[in-house]
Amino acid sequence: MKQNPIVTEVLDVFDTIKSRTINFIKDKSAAQKGQIIVGDAGMGKTTAVIQAILGCKYQNNVEYVKGSNLTWIEVVKEL
């Protein structure tokens, strides 16, 4: 059965958020000091970020701030 293209697009977006979050957390040499995910409220941005943080086992090294239209992620301890 073919998946709805809208569902496929949404899943791709959240897979990208998770992937970029993991790369951001793990890349110690990056100049990037924070990451902001922007989008409409209730879309699941923070859920995707939390899943990525827990998936790479660095939850003690990362803080995130949830707003209605954004989620901010910052590495707070050296990995």
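Reader: What makes β2 and β3 a hairpin, and how many residues join them?

Author: Happy to start there. In this predicted model, the hairpin runs from β2 to β3 through 3 residues. The two strands pair in the antiparallel sense over 5 bridges. Pairing calls for at least two bridges, so 5 bridges qualify β2 and β3 as partners.

Reader: Which residues stand opposite each other in that pairing?

Author: Tyr64 stands opposite Ile73 in β3. Another example is Lys66, whose bridge partner in β3 is Thr71. For your view of the model, β3 covers residues 70-75 and β2 covers 62-66.

Reader: What is the order of the strands in the sheet, and why do β1 and β2 count as edges?

Author: The order is β1-β3-β2, in an open sheet of 3 strands with antiparallel pairing. β1 and β2 each have a single partner strand, so one side of each is left without a neighbour in the sheet. That is why β1 and β2 stand at the edges. From one strand to the next, the twist averages 15 degrees.

Reader: Where does Trp72 sit, and why is Trp72 called partly exposed?

Author: Trp72 belongs to strand β3. Its relative accessibility is 29%. Buried means under 20% and exposed means over 50%, so a value of 29% falls in between and Trp72 counts as partly exposed.

Reader: Which residues does Trp72 touch, leaving aside its neighbours within four places in sequence?

Author: Trp72 is in contact with Gly34, Gln35 and Ile36, and also with Glu63, Tyr64 and Val65. Take Gly34: 38 residues separate it from Trp72 along the chain, yet their C-alpha atoms are 7.0 Å apart.

Reader: What makes Ile36 partly exposed, and which strand holds it?

Author: Ile36 lies in β1, residues 34-38. Its relative accessible area is 48%, which is not over the 50% needed for exposed and not under the 20% needed for buried, so Ile36 is partly exposed.

Reader: How do you know that Ile36 can be part of a surface patch, and which residues form it?

Author: Ile36, Val38 and Leu70 form a nonpolar patch on the surface. A patch residue needs over 30% relative accessible area, so Ile36 passes that cut-off with 48%. Together the three residues of the patch have about 280 Å² of accessible area.

Reader: Where does helix α1 lie relative to the strands?

Author: Helix α1, residues 5-26, lies across β1, β2 and β3. Its direction is at about 170 degrees to β1.

Reader: Why is Val7 called partly exposed?

Author: Val7 is placed in helix α1. Its relative accessibility is 37%, between the 20% and 50% limits, so Val7 counts as partly exposed.

Reader: How many helices and strands does the chain have, and in what order do they run?

Author: The chain has 2 helices and 3 strands. Starting at the N terminus, the elements run α-β-α-β-β.

Reader: What share of the chain is buried, and what is its accessible surface?

Author: Of the 79 residues, 24% are buried. The accessible surface comes to about 5,600 Å², and 54% of that belongs to carbon and sulfur atoms. The C-alpha trace spans about 45 × 25 × 20 Å along its principal axes.

Terms used
Residues are numbered from 1 along each chain as its sequence is written. This is a predicted model: local features need pLDDT of at least 70, side-chain atom pairs count only at pLDDT 80 or more; totals for chains, interfaces and linings use all residues. Side-chain values use heavy atoms; hydrogens and water are left out. Patches are made of residues with over 30% relative accessible area and no salt bridge: like charges are joined within 9 Å, nonpolar side chains (Val, Leu, Ile, Met, Phe, Trp, Tyr) within 5 Å. Accessible areas come from the Shrake-Rupley method with a 1.4 Å probe; for residues, only the protein chains shown count as cover. A salt bridge is a side-chain nitrogen of Lys or Arg within 4 Å of a carboxyl oxygen of Asp or Glu. Helices (H or I, at least four residues) and strands (E, at least two) are DSSP runs, numbered from the N terminus. Buried means under 20% relative accessible area, exposed over 50%, partly exposed in between (1.4 Å probe, protein chains only). Axes are lines fitted to C-alpha atoms, for helices over the stretch in contact, and angles run from 0 to 180 degrees between N-to-C directions. Contact means heavy atoms within 4.5 Å.
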